[in-house]
Amino acid sequence: MTRGPIRTLIADDDAEVRSVLIDIIERADSLVLVGVVEDAQQAIELASRQQPDVALLDVKMPGGGPRAAREIRASSPKTAIIALSAHEDARSVQEMLAAGAYNYLTKGTSPQELVEAICSSVDGEVRLSSRAASFVVGELASRLEREREVDEQRFAWDEQIHRILETGGVECVFQPIVALETGEPVGFEALARFDAEPVRSPGAWFAEATALGYALELEIAAVETAISCIDRLPSDAFMTLNVSPASIMSPRLTETIGRAPLDRIIVEVTEHALITDYPKLRSAIAALRRGGARLAVDDVGAGHASLRHILQLDPDLIKLDVSLTREIQTQRTQRAMASALVTFAGEVGASVIAVGIETEAELAVIRELGVPLGQGYYFGRPDSAEVLWRSNGLGSVVGRT
């Protein structure tokens, strides 16, 4: 099949370079010039109108070669892009290739090499200068090394999580939840801790377990550890458990929770938890509620998701996020939002817990707003059930840290 002259566009802000490129193209029988421009915007507009076979783009022209390459590829998909640069550097090479350039050549390339590159690009061949090719090879090697390191890290995490699950490496501490009117502890939030190396936050362990597909197993282990301690807490105190929506919908987890006295269990769903199936989650929660368990929505006020959780799940308790309670005595907007949520909770028959209380001033405002329950370092830090019993006698903890 006979192919006509290759329609070529030039985009370069250097007048001398443009003159040289024009001369090369006009001398080549296999090429025809369709236009010459000086910046990225002009190149994009001309390519959209002319639909050239090849666009020679200066990497550093005004508006940027990468932007021109991306938008030309979008408006003229059949146009092959050749990047031209006076000085090759790794970042420019990577940006232009990522933007869709077929070839990357220096402006010192000989006329014969340039014509050959234009012709080969129409046939889909990639031609890079030796230096550009070395950048690509180097980047590929670096990427493979990063992927190897990630795989090794994931393998290490996998082994560590398996070890935790097999050896019972999940521990639990408990933070008091007090009645603000009396200062007496009425409940305790169970918080997982991990006796494993490396030392990481509980959130990091759960996030990695989720990434590796062990979220349910790790949550079950944490719940089992927590409910095994419930008899060490006062018989009239409730225990709150942080559980992901996906795990709540698992019969394995609900069966585990069911081994505890459900009238003392409050299941917490966080604002940050993604819920994809509210009807299924409501059904799982209803089964726990029939046994006496209650539901709390955590982190209320941190974002819009918690409000949707409240409307969809009808919780028994609403936990005000620390972003509302922290320095509430000096922040009018926080106080107004907290007050509105307290009023809302009263309308729907839910109770309110303010978390993150650390000072007498914060406590005074929270009490004034009519919040019945509080949690935070002002009342006590998370600790083992045994330590809480010894240090507080499980009596009044207001003002103790």
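Three aromatic pairs are counted in this structure, which is a predicted model. One of these pairs joins Phe194 and Phe206: the ring centres lie 5.6 Å apart and the planes meet at 75°, so the arrangement is edge-to-face. Because Phe194 belongs to strand 7 and Phe206 to helix 7, this contact ties together parts that are twelve residues apart in sequence. The two partners can also be described by their accessibility. Phe194, at 14% relative accessibility, counts as buried, whereas Phe206, at 22%, counts as partly exposed; the limit for a buried residue is under 20%.

Strand 7 and helix 7 lead on to the largest pocket. Strand 7 (185-194) and helix 7 (202-212) each supply at least two residues of its lining, as do strand 6 (170-179), helix 8 (215-227), strand 8 (238-242), helix 9 (245-248) and strand 10 (294-300). Helix 8 gives the most, with six residues. The lining comprises 46 residues, and those nearest the centre of the pocket are Glu189, Leu191, Asn242, Thr270 and Asp298. In terms of class, 24 of the lining residues are nonpolar, twelve are polar and ten are charged. The space in this largest pocket is about 1200 Å³.

Strand 10 also holds a residue of note for its backbone. Most residues other than glycine have a negative phi. Asp299, however, has a positive phi near 60°. Asp299 is located in strand 10 and, at 13% relative accessibility, counts as buried. A positive phi, of about 50°, is likewise found at Gln51, which is not a glycine. Gln51 lies in the loop between helix 2 (40-50) and strand 3 (54-58). With a relative accessible area of 36%, Gln51 is partly exposed.

Helix 5 covers residues 111-122, twelve in number, and reaches 17 Å from its first C-alpha to its last, close to the 16 Å expected at 1.5 Å a residue. Which residues of helix 5 are buried? They are Leu114, Val115, Ala117, Ile118, Cys119, Ser120 and Ser121. An α-helix has 3.6 residues a turn, so residues three or four places apart point the same way.

Key. Residues numbered from 1 in each chain as written. Predicted model: local features only at pLDDT ≥ 70, side-chain atom pairs only at ≥ 80, totals over all residues. Heavy atoms only, no water. 1 Å grid on protein atoms, 1.4 Å probe; cavity = no way out; pocket = protein on both sides within 12 Å on 5 of 7 lines; lining within 4 Å. Points joined across faces, edges and corners; volume = space filled by probe spheres on them. Helix = DSSP H or I, 4+ residues; strand = E, 2+ residues; numbered from the N terminus. Nonpolar A, V, L, I, M, F, W, Y, C, P; charged D, E, K, R; others polar. Phe/Tyr/Trp six-rings, centres within 6.5 Å; stacked < 30°, edge-to-face > 60°. Buried < 20%, exposed > 50% of the residue type's maximum accessible area, 1.4 Å probe, protein only. Expected span 1.5 Å × (residues − 1).
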